[in-house]
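Thank you all for making time this morning.

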Amino acid sequence: MSHKSASIEPRTSPSKSNIDPYGFALENFDAIGRWRTRGESNETIDASGLLPDGTAFEGPDEMRAALLKNPERFVGTVAEKLLTYALGRNLESFDMPAVRGIVREAAENNYRFSSLVFAIVQSTPFQMRMPQS
């Protein structure tokens, strides 16, 4: 294998935003939740990131504000993850109308977590799930 083939091409190398933009916003918190401005190697912490829609942010406050501009996108992702857990299987394309319905139900109650859970329990995929043997 040549040196060139072992190197990572710039166009295929992962960018910071592709790795975990939400995690970078919380980088100032250490393992036990204390705020810090410098990392373990005394480097300045870069808590900036780029959301999938292209919105740039710096730190947790700006990330929160960016997420609140489009709450249905964030709540939709949370609904997908919770429904996956509740069903004990990966979601399929035929589950997506239920996810959108869950998000609509939650929106009626200002996206309260309890309304999200209630909408999942009341959803057709959850009501029709098959017991695992």
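This is a predicted model: local features need pLDDT of at least 70, side-chain atom pairs count only at pLDDT 80 or more; totals for chains, interfaces and linings use all residues.

The protein has eight helices and two strands, and if we read from the N terminus, the order of the elements is α-α-α-β-β-α-α-α-α-α. Of the 133 residues in the protein, 26% are buried. If we take the contacts between residues at least 6 apart in sequence, 40% of them join residues at least 24 apart.

Let me turn to the surface. The protein exposes about 9,900 Å², and carbon and sulfur atoms supply 54% of that area. Which residues form a nonpolar patch on the surface? They are Leu 26, Phe 29 and Trp 35, which together have about 310 Å² of accessible area, and Trp 35 is found in the loop between helix H3 (21-25) and strand E1 (48-50).

Now to the interior. In soluble globular proteins, nonpolar side chains tend to be buried together. The largest nonpolar core here has 13 residues, of which Ala 79, Leu 83, Ile 102 and Leu 116 touch the most other members. At least two residues of this core come from each of helix H5 (71-87), helix H6 (96-107) and helix H7 (113-122). Apart from this core there is another one, of six residues, including Ala 25, Leu 51, Met 63 and Ala 66.

I would like to stay with H6 for a moment. With 12 residues at 1.5 Å a residue, H6 should span 16 Å, and because its end C-alpha atoms are 17 Å apart, the two values agree. Its buried residues are Ala 98, Val 99, Gly 101, Ile 102, Val 103 and Ala 106, and these pack against H5, H7 and helix H8 (124-127). If we leave aside neighbours within four places in sequence, Ile 102 is in contact with Ala 79, Leu 83, Leu 116, Ala 119, Ile 120 and Ser 123.

Is Ser 123 buried or exposed? Its relative accessibility is 7%, so Ser 123 counts as buried, the cut-off for buried being under 20%.

Technical notes. Residues are numbered from 1 along each chain as its sequence is written. Side-chain values use heavy atoms; hydrogens and water are left out. Helices (H or I, at least four residues) and strands (E, at least two) are DSSP runs, numbered from the N terminus. Buried means under 20% relative accessible area, exposed over 50%, partly exposed in between (1.4 Å probe, protein chains only). Contact means heavy atoms within 4.5 Å. Accessible areas come from the Shrake-Rupley method with a 1.4 Å probe; for residues, only the protein chains shown count as cover. Patches are made of residues with over 30% relative accessible area and no salt bridge: like charges are joined within 9 Å, nonpolar side chains (Val, Leu, Ile, Met, Phe, Trp, Tyr) within 5 Å. A salt bridge is a side-chain nitrogen of Lys or Arg within 4 Å of a carboxyl oxygen of Asp or Glu. A nonpolar core is a set of buried Ala, Val, Leu, Ile, Met, Phe, Trp, Tyr and Cys residues joined through side-chain atoms within 4.5 Å. The expected span of a helix is 1.5 Å times one less than its number of residues.
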